[in-house]
Amino acid sequence: MGGEPNVGTATVMFTDLVGSTEIRSRVGEDAAETLRVVHDEVLGEAIAANGGQVVKHLGDGLMATFPSAAGAVAAAVAMQQELDLRNR
């Protein structure tokens, strides 16, 4: 039905908040949910700043897509740096 198929590189990223169950039991549901929201905001900002798009939330993680592997790697580095800074 006309047109070329969309062919190219797409990169899919999955994230996970490591230890989220332990965090919830240690700090309580409300505080853990606040931390998760901030965590997701940091990740979302890094994803968007590097050309990606959040596809869906996965409880304590995200699924995102990028038009290039370089964008995904740059987003991952930005995520790690910002979360490390906030955790200090």
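Is Ala64 buried or exposed, and what is its relative accessible area? Ala64 is buried, with a relative accessible area of 0%; here, buried means under 20% relative accessible area, exposed means over 50%, and partly exposed is what lies in between (1.4 Å probe, protein chains only). The model is a predicted one, in which local features need pLDDT of at least 70 and side-chain atom pairs count only at pLDDT 80 or more, while totals for chains, interfaces and linings use all residues. Residues are numbered from 1 along each chain as its sequence is written, and side-chain values use heavy atoms, with hydrogens and water left out.

Three strands make up an open sheet in the order β1-β3-β2, with antiparallel pairing. Strands (E, at least two residues) and helices (H or I, at least four) are DSSP runs, numbered from the N terminus, and two strands pair if DSSP finds at least two bridges between them. At the edges are β1 (11–14) and β2 (53–57), each of which pairs on one side only. Neighbouring strands of this sheet are turned by 20° against each other on average, direction ignored. For angles like this one, axes are lines fitted to C-alpha atoms (for helices over the stretch in contact), and the angles run from 0 to 180 degrees between N-to-C directions.

Two helices pack on this sheet. Helix α2 (residues 29–49) touches β2 and β3, and its direction makes about 5° with that of β3. Helix α3 (residues 69–87) touches β1 and β3, and its direction makes about 20° with that of β1. Touching, or contact, means heavy atoms within 4.5 Å.

Now for the pairings themselves. Strands β2 and β3 (residues 62–66) run antiparallel over four bridges. In this pair, Val54 has Ala64 as its bridge partner, and His57 stands opposite Leu62. The two strands form a hairpin with four residues between them, and Gly59 in the turn has a positive phi of about 75°. Strand β1 has a covered face, Thr11 and Met13, and an uncovered one, Val12 and Phe14.

Back to Ala64, which has its place in strand β3. Leaving aside neighbours within four places in sequence, Ala64 is in contact with Thr11, Val12, Met13, Ile47, Gln53, Val54 and Val55. The C-alpha atoms of Ala64 and Thr15 are separated by 8.5 Å, though the two residues are 49 apart along the chain. Val18 gives another view: it lies in the loop between β1 and α1, and at 68% relative accessibility it counts as exposed. Val18 and Ala31 are 13 residues apart in sequence and 16 Å apart in space, C-alpha to C-alpha.

Grid points are joined across faces, edges and corners, and a volume is the space filled by probe spheres set on the points. A search of the whole structure turns up one cavity of 30 Å³ or more. The largest cavity has a volume of about 50 Å³, and its lining consists of Leu17, Ser20, Ile23, Arg24, Ala32, Leu35, Arg36 and Asp60. The elements giving two or more residues to that lining are α1 (20–27) and α2.

The largest pocket holds about 240 Å³ of space. Lining this pocket are Leu17, Ile23, Arg26, Leu35, Val38, His39, Leu83, Arg86 and Asn87, and the elements that give two or more residues are α1, α2 and α3. The pocket lining divides into five nonpolar, two polar and two charged residues; Ala, Val, Leu, Ile, Met, Phe, Trp, Tyr, Cys and Pro count as nonpolar, Asp, Glu, Lys and Arg as charged, and the others, Gly among them, as polar. His39, in helix α2, is buried, with a relative accessible area of 10%. Not counting residues up to four places away in sequence, His39 touches Leu17 and Leu83.

Methods
1 Å grid on protein atoms, 1.4 Å probe; cavity = no way out; pocket = protein on both sides within 12 Å on 5 of 7 lines; lining within 4 Å.
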